[in-house]
Amino acid sequence: MARAVAAYWEPMENNQVKCILCPRECVILEGLSGFCLVRKNEGGRLISTVYAEITSGGYDPIEKKPLYHFYPGSVIFSIGTNGCNLDCRSCQNWQISRRETEREFFPPRMAVEYAGKYNSIGIAYTYNDPIVWFEYVKDTAYLIKETGLINVMVTNGNINLQPLKELLPLIDAFNVDLKGMTKKYYAEFSLLSNPNVWQVCEEIKKAGKHLELTKLVVPKFDEFTPEYFEKFAKWIAENLGKDTPLHLSRFFPAYKLINFMPTPVEVLNMAYDVCREYLDYVYVGNVPDRTRESTYCPECGALLVERVGYDVVVHFKNKKCPKCGRDVDFVV
Ligand SMILES: [Zn+2]
């Protein structure tokens, strides 16, 4: 078993500890773990029980993260472990994020070795939430950076600002899953009453890192009205910039919402139209739709990147729109 003393905790009386990694700030009794399952109080010290242990690893298209404006068409080695600081009702990965499973030993040096193979551009920390894996992500990301490869985090974005500041210089791109725009939404959907994801997104942007957002559109939890999606898009445009890509993802029944119907495609299309009025790059996810998965030049409307599922055709060269010459908003 690979384990490490955790970062970001404070000792308390009676051998309790307070974890200060994420806004949940669990107070943990001796012998127990925090809400995330993988940060455990052993004898009055907080231990990461998943350090250098993975549940799965594989080579994925970068579009699968999803990141559409970051090395389009490339492959990235992706790993995850157990645990999450949220408990979202429709979690697709609850078997690994809300349960403990068998894990394989995978020290940082091994991650670096795999990250450079098969044309992979680097490594993505994904599948479960990498926030709760902070110590391993930090150590691995440091080594990855040294070799000139890329680090990507796919996350819910609820992490305290001090640990975030340690990660920011190491991580090149983030996909943040933005569940909702209110504390109430997070309390009801993700069981987190004090989210700080909005501020985290602003910090990522301020640090000059690449950021894309995913919004899962869930029946009953989300209002299916134009005004509702207008609120999302306006906030993004005003606080993160209108060039921030937004992925509107179709809900399918899972985990605690297994008896819900999938999101109607018309609702996604309506949300797409509304958000496009405020944002340059909006996409639908979990629905095959060549038109709404592709990228167009905000200036002249020319097709810049054509996508059909994970098939990607890039139509621009030298980072310029082939029709009007505008600089494209892509990291390549
Ligand atoms: Zn153009």
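Analyst: Helices (H or I, at least four residues) and strands (E, at least two) are DSSP runs numbered from the N terminus. The model is a predicted one, in which local features need pLDDT of at least 70 and side-chain atom pairs count only at pLDDT 80 or more, while totals for chains, interfaces and linings use all residues. Residues are numbered from 1 along each chain as its sequence is written, and side-chain values use heavy atoms, with hydrogens and water left out.

User: In which strand is the place of Glu212?

Analyst: The residue belongs to a run that covers residues 210-217. That run, which holds Glu212, is strand S14.

User: Which side chain of opposite charge is nearest to Glu212, and how far away is it?

Analyst: Glu212 is buried, a term that stands for under 20% relative accessible area, with exposed meaning over 50% and partly exposed in between (1.4 Å probe, protein chains only). Lys and Arg count as positive and Asp and Glu as negative, whereas His and the chain ends are not counted.

User: Which backbone nitrogen lies 2.7 Å from a polar atom of the Glu212 side chain?

Analyst: Contact means heavy atoms within 4.5 Å, and, leaving aside neighbours within four places in sequence, the residues in contact with Glu212 include Tyr68, His69, Phe174 and His247. The backbone nitrogen at 2.7 Å from a polar atom of the Glu212 side chain belongs to His69.

User: Why does Ser78 count as buried?

Analyst: Ser78 lies in strand S9, residues 75-80, and its side chain reaches the backbone oxygen of Ile76 at 3.2 Å. Ser78 counts as buried because its relative accessibility is 0%.

User: What area is buried between domain 1 and domain 2?

Analyst: The contact takes 16 residues from domain 1 and 25 residues from domain 2. Buried area is the accessible area (1.4 Å probe) that two parts lose on being put together, summed over both. Carbon and sulfur atoms give 56% of the area buried between the two domains, which is about 1600 Å².

How values were computed
Salt bridge = Lys/Arg side-chain N within 4 Å of Asp/Glu carboxyl O. Polar contact = N/O pair within 3.5 Å; in protein donor to acceptor, adjacent residues only side chain to side chain.
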